[in-house]
Amino acid sequence: MKFPLAPLVSACLASVSVAQFEDRAVPLTHPGVLTPTSTTAPAMLLGSQLAGPIDVQSVITTPPTPGTQWNRLLSCARAWGYYWVAGGAGTGGAVAIHQYDLSGAFVQSFTQDMTQATASQWGVRDFAVDHANFTLWAGMEGRVMKRYTFNPAAGPNGTLSYTSTYLLPIGGTFASSATVRALALDNAGTFYVKNFNSAMWKFTFNGTAFAYAGEYVGNTKASYGIGFDAFTGTLWQFDQNSPLGGTANLVEFNEVDKATGTLTGRTFLGFAAG
């Protein structure tokens, strides 16, 4: 990944409306936070996030592997009064889901379940949230979907527990090796999945298994995250594409008509450092 910002901000699109986007920064505090790194070699980069952004670069150390630098951070969501950030330690260490309060203060960590994804070096790629059912969905390589359940009544800040593993069914151009890199869930219960500049695939879940529900032709954007905007009923992609005549990645937020998979033309640029 050339710019770590993309997968980090991408995951925030999993559960927060773009209409709530703010342009302020909140410092991230954490026991054991080291001096922020330079923009030329960021180990953790949470750019302007949605609905209460965190804007900081740092190398963090946290359980479940104390003293380990968590620098492979790909997923972020806001749900139930917290931020949820998923990532890995070092170049191939443990993967976890970290819980932060809305001020950016670290709360606690939970180990990711790696069943059927033991070969993954990254862990969770993107989150989607079912707010009403306290469910945190997580996409991974090899068409793996993880289900985590949040219990807000367990302990002072609740607990997040692994519930189950699913394989998304093959259909259309969605193959057995597909990575669930960008993931969103709308208010009708449809899941939307992309893998870079792939087609946009749709799935439904009946409580027991997923079903393939069709796809849209790729819209030319290399997506790292998708989010559903409940205010407009549209999707937003977090994309990186090489600009014309350039070699650096262009970081974009692009609105998508969820009925057709096409770009609406509403877009704004993000910021890449690295």
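Before anything else, note that the model is predicted.

I will start with a sheet. Four strands make up an open sheet in the order β7-β8-β9-β10, and the pairing is antiparallel. At its edges are β7, residues 126-130, and β10, residues 159-167, each of which pairs on one side only. From one strand to the next, the twist averages 25°.

Within that sheet, take the pairing of β9 with β10. Strand β9 covers residues 144-151, and eight bridges connect it to β10 in the antiparallel sense. If you want a place to look, find Y148, which has Y162 of β10 opposite it.

Next, strand β5. Is β5 enclosed or open to the outside? Of its seven residues, 95-101, six are buried, so the rest of the structure largely encloses this strand. On one pairing, β5 meets β4, residues 82-89, through seven bridges, antiparallel. There, A86 has I97 in β5 as its bridge partner. β5 also pairs with β6, residues 106-111, again running antiparallel, with five bridges. In that pairing A96 is opposite T111 of β6. The hairpin that β5 and β6 form leaves four residues between the strands, and G104 in this hairpin has a positive phi near 95°.

Where does F134 sit? F134 belongs to the loop between β7 and β8, the latter being residues 135-139. With a relative accessible area of 31%, F134 is partly exposed.

T220 is another residue other than glycine with a positive phi, here near 75°. T220 lies in the loop that runs between β14, residues 210-216, and β15, residues 223-229. Buried or exposed? T220 has 60% relative accessibility, and the cut-off for exposed is over 50%, so T220 counts as exposed.

Now the salt bridges. How many are there in the whole structure? A search finds five, and I will go through some of them.

One joins the side chains of E141 and R125, at 3.1 Å from N to O. This pair links distant parts of the chain, 16 residues apart: E141 is in the loop between β8 and β9, while R125 is in the loop between β6 and β7. R125 has 9% relative accessibility and counts as buried.

Another is between K258 and D186, whose closest N and O atoms are 3.2 Å apart. The two residues are 72 residues apart and again link distant parts of the chain. K258 is in the loop between β17, residues 250-256, and β18, residues 263-269, whereas D186 is in the loop between β11, residues 182-185, and β12, residues 190-194. As for accessibility, K258 is partly exposed at 22%, and D186 is buried at 5%.

The last pair I will show is E255 with R266, where the closest N and O atoms are 3.1 Å apart.

Key
Residues numbered from 1 in each chain as written. Predicted model: local features only at pLDDT ≥ 70, side-chain atom pairs only at ≥ 80, totals over all residues. Heavy atoms only, no water. Pairing = 2+ DSSP bridges. Axes fitted to C-alpha atoms, helices over the stretch in contact; angles between N-to-C directions. Buried < 20%, exposed > 50% of the residue type's maximum accessible area, 1.4 Å probe, protein only. Salt bridge = Lys/Arg side-chain N within 4 Å of Asp/Glu carboxyl O.
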